[in-house]
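Visitor: Could you take me through the strand pairing in this one? I'd like a close look at how the strands line up.

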Amino acid sequence: MKKIISLFLSLVFALIIFSGCKYKGYSGANPDLFTVAINSVLWTNGYSWGADFVCDSTVEVIDKDSYGRTIFAYREKYYKGGDITFSALIICQYSNEKEVFYYEDTNYIIKKEVTLSNNVGIFSQEEIEHLKQINDWNKEIDYNKCIKKEITKNKPKIPYKEEINNQIIKHFNLINGEYDIFMDYLTSDLSNSKYIIYGNIRKHGGEDIIFIGLAEKDNDIKLNIMIPSNVYDYKDEFINFKQANNWW
């Protein structure tokens, strides 16, 4: 049954792409929070799914502190070509008309979404309070700890996507005609010399491969790949992967 559902989602996604029905970007009231989410959390499309169309992600403000921080819930339905669906609880330190500020790696928690409902209740009060604490809730904002990003309404395109695609095919020994690759951009490092991608490889008649890649452009594209052991509980592995590849 799981394979049938995944195949159906892949077909729906392909039909939307080939039909020319293009999503024009987040149109909700919180583009600053949307920007924090798509730069922080893996397996985001930058949009969600309706019955047979793409639509805005759900962004729900939960609380604000006296210094301008916002804790919010972010949710999409289904990552491309697969059945990954989760709710995220995220903190934005501050935003203005052009930029957002947040603490990288410590600003979010995610949980598998079971009911496909916009329900913040899947997060316990203890989890919410812990997230607030490690993000300095109700303390003066320390901009030296913050990552800064320009506000956007769309996921950025992957630089050098064709070269990266070829490396992924080689790395996983993919056979032509027996797979579909879905990839997205997450974020760049402080120098914009490295960036993170992630994706889902649909192997026809086989198991999906969920992967994370850290790319660096020198003379050629250098790509390091990791396979998370748990697509919902990956944070420690992800931090270690970035450290091992000199992200900071």
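Guide: Two strands count as paired if DSSP finds at least two bridges between them, and a strand here is a DSSP run of E with at least two residues, numbered from the N terminus. This is a predicted model, where local features need pLDDT of at least 70, side-chain atom pairs count only at pLDDT 80 or more, and totals for chains, interfaces and linings use all residues. Residues are numbered from 1 along each chain as its sequence is written, and side-chain values use heavy atoms, with hydrogens and water left out.

Let's start with β3 (residues 58-64) and β4 (residues 70-76), which run antiparallel and are joined by six bridges. Within that pair, Val 61 sits opposite Phe 72 of β4. The β3-β4 hairpin has five residues between its strands, and Gly 68 there adopts a positive phi near 105°.

Four strands make an open sheet in the order β10-β11-β12-β13, paired antiparallel. Its edges are β10 (179-188) and β13 (221-226), each of which pairs on one side only. From one strand to the next, the twist averages 25°, with axes taken as lines fitted to C-alpha atoms and angles running from 0 to 180 degrees between N-to-C directions. Leu 223 in β13 is the bridge partner of Ala 215.
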